[in-house]
Amino acid sequence: MPPEKHPPVEMFEENFDLHDGLLTLKGPLVELRRQLDTLFREWATIVGAVEYSFPPVMSVSSLASADYFSSFPHLATLVSRIDPSEGSVERFVRSARHPSLEQIGREHLAAARYVLPSAACYAVYINFRGRQLEEDLFITLLSPCFRHETGYEAGRRQWAFHMREIVCVGSEGSVQYFLDTYREFLKGKMREAGLPFTVAEATDPFFDKRDPRRIIQRLEPLKHEFLFNGSLAIASVNFHRNFFGERFRIRDRTGMVAYSGCVAFGLERWLFACTQQFGPDWSLWPAPLKPSPSAATT
Amino acid sequence: MLRGDNEIRTKIRRFILDHFPAARSQPLLDEDALLGSHIVDSMGVLELVTFIEAEFGITVEDDDLLPDNFQSISRVAGFVETKSDNRPLHQDQ
């Protein structure tokens, strides 16, 4: 018998706070999110992915190499600092001495040289820039991600959220095989778990409708989203062709420009979907959505 | 002015041969896959769209960006012909 459905609102109302797109979780939701991430890390072991931890910010120059600021300027969250030049910090301190300070004017800020990522896997290509790979790379990473949106809904769309990715960089055949494997694996797991889903071709939210990468995404099935209840994308399988290999001068073991692809999981969306479908008690969740005891302790 | 299917194909073929080196590595057939076989690369697809708009006086809408319309020279030519046929006629035409 399928488990009784628990309205997510009830679950979330008790355990979250959303303000300006920033989500705070407490108690059981934090633990459930941790368990989900453990599960995805376990799924990454299928390809023997090595876990990496990258810096939480990326340089403007690195992301510019991937046309980031023409493709996704509307998503970008820039990192600045108080202008450190002579006298500027003192001027700022004088202006900021009141407890109701809500924003810091641009006259006090240094130019932004860093960006908070809107997707996890950029860090991989930046890290391997200019390298020739000795073998295909399989990497998994968890990253906080930031996307300015026109509206926010707890568990579904936040300014700041967490993304677990499994990334493959290597030959075209290896990347295609990696993506095919995970596409089928995810279908199997979600079906087995009884999580209602559909798979749909999709495009990334490019700023310009004429962005060449958007056009190619429309003409070739490069991105597939797993939609919970037909509308909420909780995972995606993405083929980048050799775009990042070219832009970051990464070569595969044969010396050809490397191809890349990734599988991405939005943790807060999974949390929303699973609590809606299976309730807040993790012990009642179906077995395919529970990490093995050994994975949970690593 | 209506153009023949052959003329459209010839112009598209010439453009592809002139702009994409991968197209010159072997004989380019009308049915060859342009994207799947990497004859036209990620960045080149915009060039192709821009070319057919300028050359044939059509507008490629977002909904026209479908694999069926850009799969091969034949498909692109067929798409151009359909768009040309459906182009609204102005009073002076």
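**Before you start**

Residues are numbered from 1 along each chain as its sequence is written, while chains are lettered from A and ligands numbered from 1 in the order in which they are written. Because the model is predicted, local features need pLDDT of at least 70 and side-chain atom pairs count only at pLDDT 80 or more, whereas totals for chains, interfaces and linings use all residues.

**Stop 1: chain A**

Select chain A. Look for 11 helices and 12 strands. Helices (H or I, at least four residues) and strands (E, at least two) are DSSP runs, numbered from the N terminus. The radius of gyration of chain A, 21 Å, is close to the 19 Å of the globule rule for 298 residues, so chain A is as compact as a globular protein of that length. That radius is taken over C-alpha atoms, and the rule is 2.2 Å times the number of residues to the power 0.38. Along the principal axes, the C-alpha atoms fill a box of roughly 65 × 55 × 40 Å.

Now colour by burial. Of the 298 residues in chain A, 38% are buried. Buried means that 20 or more other C-beta atoms, placed from the backbone, lie within 10 Å of the residue's own. Next, consider contacts (C-beta atoms, placed from the backbone, within 7 Å). Among those in chain A with a separation of 6 or more, 74% join residues 24 or more positions apart.

**Stop 2: helix α10 of chain A**

Select residues 267-278 of chain A. This is α10(A), with 12 residues. From first C-alpha to last, α10(A) reaches 16 Å, close to the 16 Å expected at 1.5 Å a residue; the expected span is 1.5 Å times one less than the number of residues. How many of its 12 residues are buried? The count is 12 of 12, including A:W270 and A:F272. Step just past the helix to A:G279, which takes a positive phi of about 90°.

**Stop 3**

Axes are lines fitted to C-alpha atoms, for helices over the stretch in contact, and angles run from 0 to 180 degrees between N-to-C directions.

Show the side chains. A:L29, A:L32, A:R33, A:L36 and A:D37 of α2(A) meet A:L267, A:W270, A:L271 and A:T275 of α10(A). By class, this contact has 6 nonpolar, 1 polar and 2 charged residues. Nonpolar covers Ala, Val, Leu, Ile, Met, Phe, Trp, Tyr, Cys and Pro; charged covers Asp, Glu, Lys and Arg; the others, Gly among them, are polar.

**Stop 4: chain B**

Switch to chain B. It has 4 helices and 0 strands. Along the sequence the pattern is α-α-α-α. Buried residues make up 25% of its 93 residues.

**Stop 5: where the chains meet**

Show both chains. Here 10 residues of chain B are in contact with 11 residues of chain A. On the chain B side, α2 (44-56) and α3 (67-70) each give two or more residues. Which element gives the most? It is α2(B), with 3 residues. This side of chain B divides into 8 nonpolar, 1 polar and 1 charged.

Finish on helix α8(A), residues 212-219. It packs against α2(B) at about 85°, with axes 8 Å apart. That makes the pair roughly perpendicular. Select A:P212, A:I215, A:I216 and A:L219, then B:V45, B:L46 and B:V49, to see the contact.

Key: Two residues are in contact if their C-beta atoms, placed from the backbone, lie within 7 Å. Angles under 35 degrees count as roughly parallel, over 145 as roughly antiparallel, 65 to 115 as roughly perpendicular and the rest as oblique.
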